[in-house]
Amino acid sequence: CASAAVVVDGSYPGLAVFKPAGDDFFSVDVVDGATLTVDVLFTSADGDIDCYLYDSATLGTTCGDKADFLDNGFTGSDNEQMSWVNLSGSTQTYYIQVNLWDNSGNEDCNVYDLVIDIAEPTMGNSMCAGDGSVIACPCGNESADAESGCLNSTTLGSKITATGSPSVVADDAVFHLSQAPAGETAVLVQGTSMTAFPFKDGIFCMGTFTRRVEFATLDSNGEAETVGSIATQANLFPGQTRWYQWWHRDPLGSVCGAGSNTSNGLEITWI
């Protein structure tokens, strides 16, 4: 564990565990509230692989002993999976052990893919969906998803989520946009009241005083996220409830012909 290779969220294909050389060890940092899922993908007939997950409290003592673990994968079949939620209150380092089972027959080596997934906690309450439950979309372009906006040129409704915490002092909130047209510009909008009325190809979900918080450019997957200080850009104070959504360009294949669309909304009470 002390010499574990550092990994992050993502896939690591084509690895190999070699019994005479010992087990493979990896370390990964997980923020508070996030869920870590580890998949070890392999063919058991070529050598049965097991895996174990430890926390940093075991480093230098029982980490790697295949006994004092948080979770393990030990099924004897193809592929293993482990999962753990970090509820410690702070970012933690976890250690992964990949072991070729000692009684796996004559097989001294097997290849595997390691897949690390870190699902950060989301905050806020989804509202103002483009599924027709609140108000009809402008041209009958309702989405089947109760947590997205009206249909856009991707044939989906764009979606807003937020990760981090609703703490103004911590100022670690990040707003995400997905299922939107690739390469286009989007702006995160904040409102001081909740409403719903047809707007462009979508529904505008907020009113009274509105503020454009931050602009972003969608990547090739139609995704974007904020990078600045939300507390500063949105002029936030503890105790405030605010409403958010993304407004994005959609000039090519615009469903209703207005050239832009909106995500669903998100309600957040800041502390």
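The legends below describe close-up views of a predicted model.

**View 1. The disulfide of Cys-1 and Cys-63.** The whole structure holds 4 disulfides. In one of them, the sulfur atoms of Cys-1 and Cys-63 lie 2.0 Å apart. The torsion about this S-S bond is about -75°, so the disulfide is left-handed. Cys-1 belongs to the segment before β1 (5-6) and Cys-63 to the loop between β5 (49-55) and β6 (71-73), so the pair ties together parts that are 62 residues apart in sequence. Cys-1 is buried, at a relative accessible area of 15%, and Cys-63 is buried, at 15% relative accessibility.

**View 2. The disulfide of Cys-128 and Cys-205.** Here the sulfur atoms of Cys-128 and Cys-205 are 2.1 Å apart. A torsion of about -85° about the S-S bond makes this disulfide left-handed. Cys-128 is placed in the loop between β10 (125-127) and β11, and Cys-205 in strand β14 (residues 202-217), so the bond ties together parts that are 77 residues apart in sequence. Cys-128 has a relative accessibility of 7% and counts as buried; Cys-205, at 0%, counts as buried.

**View 3. The disulfide of Cys-139 and Cys-256.** Cys-139 is joined to Cys-256 with an S to S distance of 1.9 Å. The link is left-handed, with -80° about the S-S bond. The pair ties together parts that are 117 residues apart in sequence, because Cys-139 lies in the loop between β10 and β11 and Cys-256 in the loop between β16 (241-249) and β17. Cys-139 is partly exposed at 40% relative accessibility, and Cys-256 is partly exposed with a relative accessible area of 28%.

View 4. When bonded cysteines are counted along the chain, the disulfides follow the pattern 1-2, 3-7, 4-6, 5-8. Cys-51 takes part in no disulfide, and the nearest cysteine sulfur, that of Cys-1, is 13 Å away. Cys-51 is buried, with a relative accessible area of 0%. Cys-109 is likewise in no disulfide; its nearest cysteine sulfur, that of Cys-51, is 17 Å away. Cys-109 counts as partly exposed at 36% relative accessibility.

**View 5. The cavity and Ser-263.** The search of the whole structure finds 1 cavity of 30 Å³ or more. The largest cavity holds about 30 Å³ of space. Its lining includes Cys-128, Cys-205, Gly-149, Ile-203 and Ser-263, and by class comprises 5 nonpolar, 5 polar and no charged residues. Ser-263 sits in the loop between β17 (260-262) and β18 (265-269) and is buried, at a relative accessible area of 1%. Beyond residues up to four places away in sequence, Ser-263 touches several others, among them Gly-149, Ile-203 and Trp-246.

View 6. The volume of the largest pocket is about 160 Å³. Among its lining residues are Asp-32, Glu-120, Thr-163, Asp-172 and Val-174; the lining has 3 nonpolar, 4 polar and 3 charged residues. An open sheet of 3 strands runs in the order β11-β12-β15, with antiparallel pairing. β11 (159-163) and β15 (224-225) stand at the edges, each with a single partner strand, so one side of each lacks a neighbour in the sheet. β11 pairs with strand β12 (residues 174-178) in the antiparallel sense over 5 bridges, and Thr-161 stands opposite His-176 in β12.

**View 7. The surroundings of Val-28.** Val-28 lies in strand β3 (residues 24-30) and is buried at 1% relative accessibility. Leaving aside neighbours within four places in sequence, its contacts include Val-7, Leu-36, Tyr-94 and Ile-118.

Technical notes. Residues are numbered from 1 along each chain as its sequence is written. This is a predicted model: local features need pLDDT of at least 70, side-chain atom pairs count only at pLDDT 80 or more; totals for chains, interfaces and linings use all residues. Side-chain values use heavy atoms; hydrogens and water are left out. Helices (H or I, at least four residues) and strands (E, at least two) are DSSP runs, numbered from the N terminus. Buried means under 20% relative accessible area, exposed over 50%, partly exposed in between (1.4 Å probe, protein chains only). Contact means heavy atoms within 4.5 Å. On a 1 Å grid over the protein atoms alone, a cavity is a set of points where a 1.4 Å probe fits but cannot get out, and a pocket is an open set with protein on both sides within 12 Å along at least five of seven lines; lining residues have an atom within 4 Å of a point. Grid points are joined across faces, edges and corners, and a volume is the space filled by probe spheres set on the points. Ala, Val, Leu, Ile, Met, Phe, Trp, Tyr, Cys and Pro count as nonpolar, Asp, Glu, Lys and Arg as charged, and the others, Gly among them, as polar. Two strands pair if DSSP finds at least two bridges between them. A disulfide is a pair of cysteine sulfur atoms within 2.5 Å.
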